[in-house]
Amino acid sequence: MKEKEEKLPIVALIYDFDGTLSPGNMQEYSFIEAIGQNKEDFWAETAEMAKDQDSDNILTYMLLMLQKSKETGISIRKESFRRFGESVELFNGVKEWFGRIKKFGLEHGVSVEHYINSSGMKEIIEGTSIAGEFKAVFACSYYYNEHGEAVWPAAAVNYTNKTQFLFKINKGIFSISDSVKINESVPEEDKRISFNNMVYFGDGETDVPCMKLIKQLGGTSVAVYEPDNLKKEEIAKRLMRQERVNYLCPADYSEDGKLDRLVKAIICKIKADEDLRRFKKQMTENINV
């Protein structure tokens with residue numbers, strides 16, 4: 001079965017995390033509470049620091065997490081972050097989504113892989129109940145000293161550099177540190193996953209570079225929004241009006257829901273397109289004989 005699956009076309013479903021698979025920001029579920037702050041104050045302080053130093057917001061929030069942890073005596077080790085991840089809430093149906101969609105893909109002749117491309121914390125994501133569902137997680141992370149303590153950002157994933165990970169997925173590179181293979185010239189037919197076979201899920205304007213790139217390169221972008229949140233729904237509608245995404249849906253991952261039906265239809269289209277490309281290649285080879 002595994003050998004057969006390896007020969008199938010691959011479909012990559014790529015998700016932002018905060019606001020896409022989970023309502024709110026992952027730091028808000030336990031970390032911010034642990035340091036004795038509320039989320040509004042934490043993000044306001046992050047914004048003020050970034051403005052004052054003209055710095056990247058992502059690097060700034062990571063610095064502030066380190067500073068607040070030291071001030072309050074909160075452990076900031078990898079295992080501590082993973083414990084914070086245990087309390088992260090997920091949208092309805094998310095836990096069952098990955099296996100069900102993967103099974104549907106196999107039944108329709110494709111191998112579905114799930115990826116995270118997020119400005120959130122990789123270590124927190126690794127503590128969630130869905131951590132084992134992903135082929136790769138591209139997200140922010142810390143460098144740890146010999147005592148296992150976080151001391152410096154190892155990777156900061158902001159809104160525009162998220163696009164680099166789409167090219168890594170395209171070439172089958174799963175390491176953030178790789179800076180050689182990603183720049184090597186590879187024939188289009190030898191790349192592991194075509195952009196045509198990618199589906200990107202995001203919830204807002206910070207996902208626009210990835211959404212627009214995927215759409216321009218022949219893939220599919222889906223704007224999702226928190227159900228019954230009119231503000232979030234309007235953001236998704238604006239993205240569609242601006243033609244930055246192909247579709248919009250409530251972030252409800254339940255079986256036979258709107259998003260479930262949409263993604264299954266996209267998978268069937270990708271399979272049909274793959275079949276047509278294969279037929280055309282065979283016909284072209286016959287003509288040239």
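I started with contacts in the chain between residues at least 6 apart in sequence: 62% of them join residues at least 24 apart. I note that this is a predicted model.

**Overall build**

I looked up the secondary structure next. The chain has 11 helices and 7 strands. Then I checked the radius of gyration. The value is 20 Å, close to the 19 Å that the globule rule gives for 289 residues, so the chain is as compact as a globular protein of that length. I also took the box along the principal axes. The C-alpha atoms fill roughly 70 × 45 × 40 Å.

**Surface and charge**

I asked what share of the 289 residues counts as buried. The figure came to 47%. For charges, I found 40 positive and 47 negative. Their mean positions lie 5 Å apart.

I picked Ile 267 and located it in helix 11, which covers residues 258-287. Is Ile 267 buried or exposed? Its relative accessibility is 1%, and buried means under 20%, so Ile 267 counts as buried.

Which residues touch Ile 267, leaving aside neighbours within four places in sequence? I listed Ile 101, Phe 104, Gly 105, Val 110 and Val 112. I then followed up Val 110. It sits 157 residues from Ile 267 along the chain.

Key. Residues numbered from 1 in each chain as written. Predicted model: local features only at pLDDT ≥ 70, side-chain atom pairs only at ≥ 80, totals over all residues. Heavy atoms only, no water. Helix = DSSP H or I, 4+ residues; strand = E, 2+ residues; numbered from the N terminus. Rg over C-alpha atoms; globule rule 2.2 N^0.38 Å. Buried < 20%, exposed > 50% of the residue type's maximum accessible area, 1.4 Å probe, protein only. Contact = heavy atoms within 4.5 Å. Lys, Arg positive; Asp, Glu negative; His and termini not counted. Charge placed at Lys NZ, Arg CZ, Asp CG, Glu CD.
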